Amino acid sequence: MTTATRWALVAGVLVLAVIVAVLPQVRSDSPVVGPDLTAARAAAALAPCPSGAGEVAQLAGVRAECLGDGTTVDLGSALAGQVTLVNVWATWCEPCRTELPVLQRYASEPGAVRVLTVQVQSKPDDGLELLADLGVRLPTVFDGDGGSGPVRSALKVRPALPASYLVTAAGEVRFIESPPTFTDPEQVREVVRRLS
């Protein structure tokens, strides 16, 4: 090896060492930063997520991100003491696209119970865009875009979407089997009367 080759090799190693030292280190325990949802949240203008005290046993300790503002919601306490219709949906689900506006119309009526939607298996920015396009302003939590998030696990959500549940004032969680998809606000009122 010639002297010039040795010096070139030494210089290359030094340059590489400087690059490694100067670049920020990525650690496995560093938080994963997602997309900036500020504009999408403003466009969607979702209602605030519920908060409360008490405990729904089936949802105890279950936390999810409020899609409207990015805060963490403890669903076990947020849903306690008040009848709430919980609707699980995804952006790729065609029946969900039909059902979400029906739930919005129902929630806007006098005497309606609280409605909370849960976005799953799709990206949060896509969910915000869909809700804005549909004119749905319901409070929504994000349960992750992967296979099974904490909300889906606690509710034992079946693979077919949408899926709806009624949380009673006493904290019971009841799966709504019929109808499988709401197509009219009157159906929602009937289910709430039957299961409350």
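**View 1. Helix α4 against helix α7 in a predicted model.** Val102, Leu103, Arg105 and Tyr106 of α4 meet Pro185, Val188, Arg189 and Val192 of α7. A contact here means heavy atoms within 4.5 Å. By class, the residues of this contact divide into six nonpolar, no polar and two charged. Nonpolar covers Ala, Val, Leu, Ile, Met, Phe, Trp, Tyr, Cys and Pro; charged covers Asp, Glu, Lys and Arg; the others, Gly among them, are polar. The two helices pack at an angle of about 65°, and their axes are 8 Å apart. Axes are lines fitted to C-alpha atoms, for helices over the stretch in contact, and angles run from 0 to 180 degrees between N-to-C directions. α4 and α7 are therefore roughly perpendicular to each other. The angle classes are roughly parallel (under 35 degrees), roughly antiparallel (over 145), roughly perpendicular (65 to 115) and oblique (the rest). α4 passes α7 in a right-handed crossing. Right-handed means that the near helix is turned clockwise from the far one by less than a right angle; anticlockwise is left-handed.

The model is predicted: local features need pLDDT of at least 70, side-chain atom pairs count only at pLDDT 80 or more, and totals for chains, interfaces and linings use all residues. Residues are numbered from 1 along each chain as its sequence is written, and side-chain values use heavy atoms, with hydrogens and water left out.

**View 2. Helix α4 against helix α5.** α4 spans residues 94–107 and α5 spans residues 124–134. Helices (H or I, at least four residues) and strands (E, at least two) are DSSP runs, numbered from the N terminus. α4 and α5 pack at an angle of about 55°, with axes 10 Å apart. They are therefore oblique to each other. α4 passes α5 in a right-handed crossing. On the α4 side, Arg97, Leu100 and Pro101 make the contact; on the α5 side, Leu130, Leu131 and Leu134 do. This contact of α4 with α5 has five nonpolar, no polar and one charged residues.

**View 3. The buried side of helix α7.** In α7 (residues 185–195), the buried residues are Pro185, Val188, Val191, Val192 and Leu195. Buried means under 20% relative accessible area, exposed over 50%, and partly exposed in between (1.4 Å probe, protein chains only). The arc is that of the directions from the helix axis to the C-beta atoms. Their cover includes β3 (84–89), α4, β6 (163–167) and β7 (173–175).

**View 4. Glu172 in the loop between β6 and β7.** Glu172 is partly exposed, with a relative accessible area of 39%. Not counting residues up to four places away in sequence, Glu172 touches Leu166 and Val167. Glu172 and Ala57 are 115 residues apart in sequence, yet 8.0 Å apart in space, C-alpha to C-alpha.

**View 5. Ser77 in helix α3.** α3 runs over residues 75–78. Ser77 is buried, with a relative accessible area of 15%. Leaving out residues up to four places away in sequence, Ser77 touches Gly52, Ala53, Gly54 and Glu55.

**View 6. The protein chain as a whole.** The chain has seven helices and seven strands. Along the sequence, the pattern reads α-α-β-β-α-β-α-β-α-β-α-β-β-α. Of its 196 residues, 42% count as buried. Among contacts between residues at least 6 apart in sequence, 66% join residues at least 24 apart.
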